[in-house]
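Hi there,

Here is the structure I promised to pass on to you. Have a look at it first, and then read on for my notes.

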Amino acid sequence: MAEPATSAAVQNNRGLTSEEASRRLQQYGPNALEEKHVSLIMRLLGYFWGPIPWMIEVAAILSAVVRHWPDFIIILALLIFNAGVGFWQEFTAGNAVDALRKQLAQKARVLRDGTWFVLDAAELVPGDIIHIRLGDVVPADARLIEGDYLSVDQSALTGESLPVTKRAEEDVFSGTIVKQGEVLAEVTGTGKNTRFGKTAGLVEQAKTVSHFQNAVLSIGDYLIYVSLVLVAIMVVVQLYRNAPWLDLVQFALILTVASIPVAMPAVLSMTMAVGAMDLSKKKAIVTRLESIEEMASMDVLCSDKTGTLTQNKLTLGKIETFKAADAQEILLMASLASREEDRDAIDDAVLQGLADKSRLSAFRQTAFVPFDPVGKRTEATIRDSTGGIFQVTKGAPQVIMEMADLSEDERERALQVVDDFAAMGYRALGVGVKYDGDEHWRFLGILSLFDPPREDSAETIERAQKYGVMVKMVTGDNVSIAKQIAAKLNLGTNIIRAEVLSDPDKAHMTSDDLGKQIEKADGFAEVFPEHKFAIVQALQQRDHITGMTGDGVNDAPALKQADVGIAVSGATDAARAAADMVLMAPGLSVIITAIEEARRIFERMNSYAIYRISETIRIMFFVVLAMVVFNFYPITAVMIILLAFFNDIPIMTIAYDNTGLEQKPVRWDMHQVISVATSMGIVGVIGSFAMLLIAMDWLHLDIAQIQTYVFLKMAVAGHLVLFVARTKEHFWKRPWPAPVMIWSAVITKLAATLLVAYGFGFIAPITWPQIALIWGYSILSALITDFVKVRVYRYLQSRTTGHRNSFDHMKKHMIG
């Protein structure tokens, strides 16, 4: 990194040596808050404690009491298996999240061995010299040693609503956000010894649960209530029949455990983590796993223009002179109001346009005020070779014009130049100078800069629109430039000037009218950061799931407010901290990839929910009704446990399944899920009863063989239901299941088939012709279930389409 300008206060200070920094790192520890790490053993033991493990443990104890040792061994194996699977899933998801966090580790610019480096903030030690500027999150407690001032937002630490100005010899604190200014500072405290570190122990951050998680968890509650009611009915009936209570309680516990979605948290976490890791390979880092689900529902994306829709590679265009001798004088003054080491796109374009860079050596910057989104200009104090002092500034032409003493003709000409440049899609940059003794700034002239659209922007926007996502451009440029770029990107040219958002009364609009205008707009021009927040709120109030991109410190509130806050490539630390997703590559194409991945994850979760509900209905209703009607256990407790083994392993592979891609934003439709799952479950119950009657009245099997018969039918048919549930079309159509999903099903079902064929001392074996009958019957049952599923989906779709058409007709009639 280029070395920031230094004063005499720092010129003699080469920073710490690498050896001294290493010694202090050992002494003070890393610049990070201590995290409470629970040992792997304690985390594993945690899976043996809780309502579900307790039920299994009680069932195991009851087996030991009645000396059913095979049952005891298998129940114990289920307990260990559930704990192992849950632990492995949590461990894998946790490692994925940790890997994502490392990619977003906060960086710091630090002076060591006389050279400036960019290091992980965790490596800072007391005594380090650091460079802090606009948009940074202060990496450690530090004392300012050089620079004019720093405006710092301390609200997260002190609750102060307004930024605080800090000057030389004053302290700034870790975790606060730089709103304005650029300084050098000496680190005074790191890690737990910072003000933030001492306060963090008293603060507990709440974790939010996404809409989708709430829906899935509510399904879990629903299944638990259904299971408990059915188990209660079974227990009452069997006790009335004087059934052995120990066997009954054991069976009831095992049946309840099998029906409750034990694997749901693990499947949810694993699916999110797998999706997040896939996105990280495509240059999108997810900071909040649940935001992937929100992306699936997003129907409006507000995108920054500069650097996201455009290349952010400014090229110098035509130059209009006002009070400058020639264009090179304007470029010289604009260059003096720049800092080459900041690598700012505007500064680079200006410096490249200067014909003779050696002229800069005759001048020295003694003070520099960097650009901020509110002031919209930079300013520098310059000492020339004779010792004379003067100020230079560059920024938005309207701002520089207000500072200068322009005649009415000059003002009209300047505004016309800005409009002419805008009509060509050029940005305008005003340049001014103020010499010692001048009362007003001199308006030297206007530079034009052109930032062409990215080559992939138009195609990416078209793809987003095909996916049902409205893209709205957000820019600080004027309306003319915004319309020019929007037209090139096929966005539409209904561009709203952002000042309307601040004062709708001035435009004679109610808040509802304003909301409609924002909803219909193709973009927003002359936007300040606070306008972004208002845009997001207005769209959310009109029931839109809204995404917002941003890169600056003042974008943080809008990113936090948005359903999906997206920090674009090169964003400040503050924007990254507020965002749900951080893009590591420029452009919008990564966001489209994220939308596709989110919708696939949604489909996997949707499939899992339908599968779990239909399986609970199929198993619980069949088992309980069969016991009530025929007065014997149609399946044993051990067989239910074995079913859990054979089903839980393949269900985990749903995180890797191939799914269809919805062309419109998807939202949780509980009515659809329950309707489809219930219809599939009812078909399964009818099929199971028919199979039971075949075993009893046609094959004349004894009870032990009937239980084996029912077990294999439950195992095979249950897995086929998973393949039926994973798509809205017939299950043999594309996309086909992932290979890992197919092989997990093949292996577990082969194991179940061999078990019923040979018994192995656990169950009564049945013959191969009977096994073939079960497989054939299960496949036929799956085909019927699939036919019913497709019919239900189409019926629900026709009703939805009919309601939508009626609503559209009514709306047109009302407007007419």
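Let me start with a six-stranded sheet. This open sheet is antiparallel in its pairing, and its strands follow the order E11-E16-E15-E14-E13-E12. At the edges are strand E11 (315-321) and strand E12 (364-369); each has a single partner strand, so one side of each is left without a neighbour in the sheet. From one strand to the next, the twist averages 25 degrees. Please keep in mind throughout that this is a predicted model.

What joins E11 to its partner? E11 and strand E16 (residues 442-450) are paired in the antiparallel sense over five bridges.

Now for the eight-stranded sheet. This one is open too, with mixed pairing and the order E9-E22-E21-E20-E10-E17-E19-E18. Strand E9 (284-286) and strand E18 (495-497) are its edge strands, each pairing on one side only. Neighbouring strands here are turned against each other by 20 degrees on average, with direction ignored.

Within this sheet, strand E21 (residues 564-567) and strand E22 (residues 581-583) run parallel and are joined by two bridges. Ile 566 has Met 581 in E22 as its bridge partner. There is a helix to look at here as well: helix H21 (residues 529-541) lies across strand E10 (300-304), strand E17 (470-474), strand E19 (523-525) and strand E20 (546-550). H21 runs at about 170 degrees to E20.

Finally, a pocket that may interest you. The second largest pocket holds about 1,200 Å³ of space. It is lined by 37 residues, and those closest to its centre are Glu 662, Val 666, Gln 672, Lys 728 and Gln 797. Which elements give two or more residues to the lining of this pocket? They are helix H24 (589-630), helix H26 (670-698) and helix H29 (768-815). H29 gives the most, with nine residues.

Best wishes

Methods: Residues are numbered from 1 along each chain as its sequence is written. This is a predicted model: local features need pLDDT of at least 70, side-chain atom pairs count only at pLDDT 80 or more; totals for chains, interfaces and linings use all residues. Side-chain values use heavy atoms; hydrogens and water are left out. On a 1 Å grid over the protein atoms alone, a cavity is a set of points where a 1.4 Å probe fits but cannot get out, and a pocket is an open set with protein on both sides within 12 Å along at least five of seven lines; lining residues have an atom within 4 Å of a point. Grid points are joined across faces, edges and corners, and a volume is the space filled by probe spheres set on the points. Helices (H or I, at least four residues) and strands (E, at least two) are DSSP runs, numbered from the N terminus. Two strands pair if DSSP finds at least two bridges between them. Axes are lines fitted to C-alpha atoms, for helices over the stretch in contact, and angles run from 0 to 180 degrees between N-to-C directions. Contact means heavy atoms within 4.5 Å.
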